[in-house]
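Colleague: I would like to learn how to read a model of this kind. Please take me through the features one at a time.

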Amino acid sequence: MPQSDTVNRQWILNRRPKGEPDADTLKLIETDVPQPGPGEMLLRAEYLSLDPYMRGRMSDAPSYAEPVEIGGVMVGGTVSRVVASQLDGFAEGDWVLNFGGWQDYTLSDGTEVTNLGKNPDNPSWALGALGMPGLTAWAGLTKIGQPKPGETIAVAAATGPVGATVGQIGKILGCRVVGIAGGPEKCSYAVETLGFDACIDHKADNLKENLAEATPDGIDVYFENVGGKVLNAVLPRLNDHARIPVCGLVSQYNATSLPDGPDRLNWLMSQILIKRMTLRGFIVFEEFGQYYNEFASEVGGWIRDGKLHYREEVIDGLENAPNAFAGLLRGENFGKRVIRLGKD
Ligand code: NDP
């Protein structure tokens, strides 16, 4: 059923997944469209962002954010339009960036809602390079990674919204950039379109050897998006005083146990010590939200000037969101994955 004026479709959390989310994890229900009261507005979603962190919200394991309750609407960033407003600063027809979740309609009092105006260019980009993933890349790289011209940056998930932005900013800042991505098509795109110096396919044989060849001077900044075997291949290449912004570990999000193998924790700690490395985890809005305007002006300018490319993968239909999300965690996306659910 497509979006309608009278029904609010909602994906609610039905069961906490063990491993990959499956057909039982989420349930589609229909409720009434809420009516705004004084000081409120009604928002209708046009685009829903799919992001790896959503896997964490399905789980009740201890984390930096509360999980979605069983029966609760799945959380997520959205670009919406104002249907009706009793709120200063927001009028019918405005496009907004909000955190509406996996549903058609939300009521809002305007808190943490950004007005994008009546006729924004590419409104869905506010969910990608011009929004949360873009800020993550910009702030994680410049504030934690602190790359200097001539240094080497390595980044995995290299064609996704975070990785692609990290690598392109690295090039703008005068660094050698080596991407790691899943498959030859993504790797060609990273080099030919994004301008990376090299890109290593982590699905091909000889990951360690190929990465060593692509990083003859070692790695000064490793922007950690994935963990797992990519991290294993990167560790021996890290230089003295390397910086590692620990942004995400997407290869582990569906894991149900620790990996087999020898315990390498003490080896890792000794590497951190011997090479005097800095590892720093971060959660973007907790630490870097105050830089949003600076980021938006700098990255927005690079996009306008054609210095920074952005690839988006639009999937139609709210009904397709669960499969599209499970595929994102398997690396099936090529670029920023968003669901188009709205009528406009
Ligand atoms: P992407 O759109 O890049 O999607 C995830 C990608 O991860 C997949 O496309 C795939 O790319 C890669 N991947 C999946 N499984 C594996 C695996 N086993 N080994 C190697 N790569 C794998 O995601 P985003 O750009 O939105 O996010 C990138 C990272 O940033 C994630 O870890 C996310 O959680 C994190 N993040 C953290 C934030 C923070 O505040 N700390 C905020 C936003 C994002 P490929 O096929 O190329 O391998």
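Modeller: Start with Q146, which counts as partly exposed at 48% relative accessibility. Buried means under 20% relative accessible area, exposed means over 50%, and partly exposed is in between, with a 1.4 Å probe and protein chains only. The model is predicted, and local features need pLDDT of at least 70, side-chain atom pairs count only at pLDDT 80 or more, and totals for chains, interfaces and linings use all residues. Residues are numbered from 1 along each chain as its sequence is written, and side-chain values use heavy atoms, with hydrogens and water left out.

Colleague: Where is the place of Q146?

Modeller: Helices (H or I, at least four residues) and strands (E, at least two) are DSSP runs, numbered from the N terminus. Q146 sits in the loop between helix 2 and strand 8 (152-156), just after helix 2. Although Q146 is not a glycine, its phi is positive, about 40°.

Colleague: Is helix 7 covered or in the open?

Modeller: Helix 7 (residues 265-274) lies largely in the open, because the number buried among its 10 residues is one.

Colleague: What does the side chain of T136 reach?

Modeller: A polar contact is a pair of N or O atoms within 3.5 Å; within protein, one must be able to donate a hydrogen and the other to accept it, and residues adjacent in sequence count only if both atoms are side-chain atoms. T136, in helix 2, is buried at a relative accessible area of 5%. Its side chain reaches the backbone oxygen of M132 at 2.7 Å.

Colleague: Now salt bridges. How many does a search of the whole structure find?

Modeller: Side chains of opposite charge can pair when their charged atoms come close. The criterion for a salt bridge is a side-chain nitrogen of Lys or Arg within 4 Å of a carboxyl oxygen of Asp or Glu. The search finds 16. One of them pairs E313 with R337, with the closest N and O atoms 2.6 Å apart. This pair links distant parts of the chain, E313 in strand 14 (residues 312-316) and R337 in strand 15, 24 residues apart. Both E313 and R337 are buried.

Colleague: Which residue forms a salt bridge with E20?

Modeller: R330 does, and the closest N and O atoms are 2.7 Å apart. Here too distant parts of the chain are linked: R330 is in the loop between helix 10 and strand 15 (336-340), E20 is in the loop between strand 1 (7-13) and strand 2 (26-32), and the two are 310 residues apart. R330 is partly exposed at 40%, and E20 is partly exposed at 37%. Salt bridges can also join into networks, as in the one that links R9, D104 and E319.

Colleague: Last, the ligand. Which residues come nearest?

Modeller: A residue is near a molecule or strand if one of its heavy atoms lies within 4 Å of it. There are 26 residues around the ligand, and K186, H202, F282, V284 and N333 come nearest. The shell divides into 16 nonpolar, nine polar and one charged. In this scheme Ala, Val, Leu, Ile, Met, Phe, Trp, Tyr, Cys and Pro count as nonpolar, Asp, Glu, Lys and Arg as charged, and the others, Gly among them, as polar.

Colleague: Which atoms lie 2.6 Å apart, and which 2.8 Å?

Modeller: A polar side-chain atom of H202 lies 2.6 Å from an oxygen atom of the ligand. For N225, a backbone N or O atom lies 2.8 Å from an oxygen atom of the ligand. The protein covers 91% of the 910 Å² of accessible area that the ligand has on its own. Such areas come from the Shrake-Rupley method with a 1.4 Å probe; for residues, only the protein chains shown count as cover.
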